[in-house]
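Please look through the sequence and the model below before reading on. The briefing that follows takes up a few helices, a sheet and some single residues in turn.

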Amino acid sequence: MFPIRDSVRSDTTPAIVYAIILANAAVFLYQNSLGTNAAVLFTYEYGLVPIRYFDPFWGRRNGLPPTDYWPFLTATFLHGGWLHIILNMWTLYIFGRTMEARMGSMGFLAFYLSCAVASTAVHAWFNATSDVPVVGASGAIAGVIGAYAVTYPSARITLLIPIVIIPLIFDNPAVAFGIIWFGMQVLQGAWETMTPSMGGGIAWWAHIGGFIAGILFLPIFLVFAPRRRYGGHWERGPWG
């Protein structure tokens with residue numbers, strides 16, 4: 001399911017969303033400018049390699065100190081390819097601009113970074129023996145989706161679902177989209193946990209952790225959120 005647009009409108013400029021997108025783009029372009037070997041080393045250094053924190057001997061032997069916790073954050077600014085970053089940044093734009101308007105710019109930035117760290121921590125916990133670096137902003141964005149779903153449950157999300165070569169476009173309530181999206185992550189994460197050899201290289205548990213973190217963190221950040229007026233057709237959610 002690819003979100004195309006949402007029905008909630010605000011009169012503010014999502015400066016932090018734009019800044020995050022630009023930061024991700026800059027890092028991605030830098031990654032692409034590196035040679036093959038340098039790019040791999042860069043990914044291992046700044047991506048999250050779970051085993052380095054659960055097997056300190058392995059980490060030190062491979063030049064990845066287990067006391068360096070920056071990858072829990074920096075991993076969310078790296079991406080594995082053009083499609084990866086484009087889909088992530090577009091989804092961030094769709095949901096992030098509305099949540100930034102709701103939380104305020106600095107509040108949204110702190111919220112986003114908190115979800116980023118929570119998502120990579122959950123991924124590391126469920127993949128403690130993995131020596132494969134995880135990269136991508138999707139865990140942090142999952143937190144934004146979770147927060148959006150409970151803040152604007154009745155907002156309409158226009159989705160595109162490609163069926164072979166036929167695009168199917170329809171509107172869906174935000175809360176339904178959030179439940180379906182989260183359910184898909186849980187099913188995929190559970191399947192990968194039971195049959196690790198069949199994993200497709202997607203950080204399902206980062207998505208799960210980020211989504212739950214977004215819902216749990218939301219009321220904390222709403223305490224200091226500015227009061228704004230919104231356009232569009234929506235109803236407040238339990239924490240919005």
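Where in helix 10 does a kink lie? The kink, of about 35 degrees, lies at Leu-216, shortly before the proline Pro-219, and a bend at a residue is the angle between axes fitted to the seven residues ending there and the seven starting there. This is a predicted model, in which local features need pLDDT of at least 70 and side-chain atom pairs count only at pLDDT 80 or more, while totals for chains, interfaces and linings use all residues. Residues are numbered from 1 along each chain as its sequence is written, and side-chain values use heavy atoms, with hydrogens and water left out.

**Helix 10**
- Helices (H or I, at least four residues) and strands (E, at least two) are DSSP runs, numbered from the N terminus, and helix 10 covers residues 204-222.
- The 19 residues of helix 10 should span 27 Å at 1.5 Å a residue, and its end C-alpha atoms are 27 Å apart, which agrees; the expected span is 1.5 Å times one less than the number of residues.
- Helix 10 is mostly covered, since 14 of its 19 residues are buried, where buried means under 20% relative accessible area, exposed over 50%, and partly exposed in between (1.4 Å probe, protein chains only).

- Three strands form an open sheet in the order 1-2-3, with antiparallel pairing, and two strands count as paired if DSSP finds at least two bridges between them.
- Strand 1 (2-6) and strand 3 (166-173) stand at the edges with a single partner strand each, so one side of each is left without a neighbour in the sheet.
- Strand 2 (residues 156-163) runs antiparallel to strand 3 and is joined to it by eight bridges; in strand 3, Leu-168 is the bridge partner of Ile-161.

**Helix 6**
- Helix 6 (residues 82-103) packs on the sheet, where it touches strand 1 and strand 2, contact meaning heavy atoms within 4.5 Å.
- Helix 6 has 22 residues and reaches 30 Å from its first C-alpha to its last, close to the 32 Å expected at 1.5 Å a residue.
- A bend of about 35 degrees occurs in helix 6 at Gly-96, and the helix is followed by Gly-104, whose phi is positive, near 90 degrees.

- Asn-24, which lies in helix 1 (residues 15-33), counts as buried at 0% relative accessibility, and the residues it touches include Thr-76, Phe-77 and Met-89.
- Asn-37, placed in helix 2 (residues 36-46), is exposed, with a relative accessible area of 62%.

Conventions:
Axes are lines fitted to C-alpha atoms, for helices over the stretch in contact, and angles run from 0 to 180 degrees between N-to-C directions. Lists of a residue's contacts leave out its neighbours within four places in sequence.
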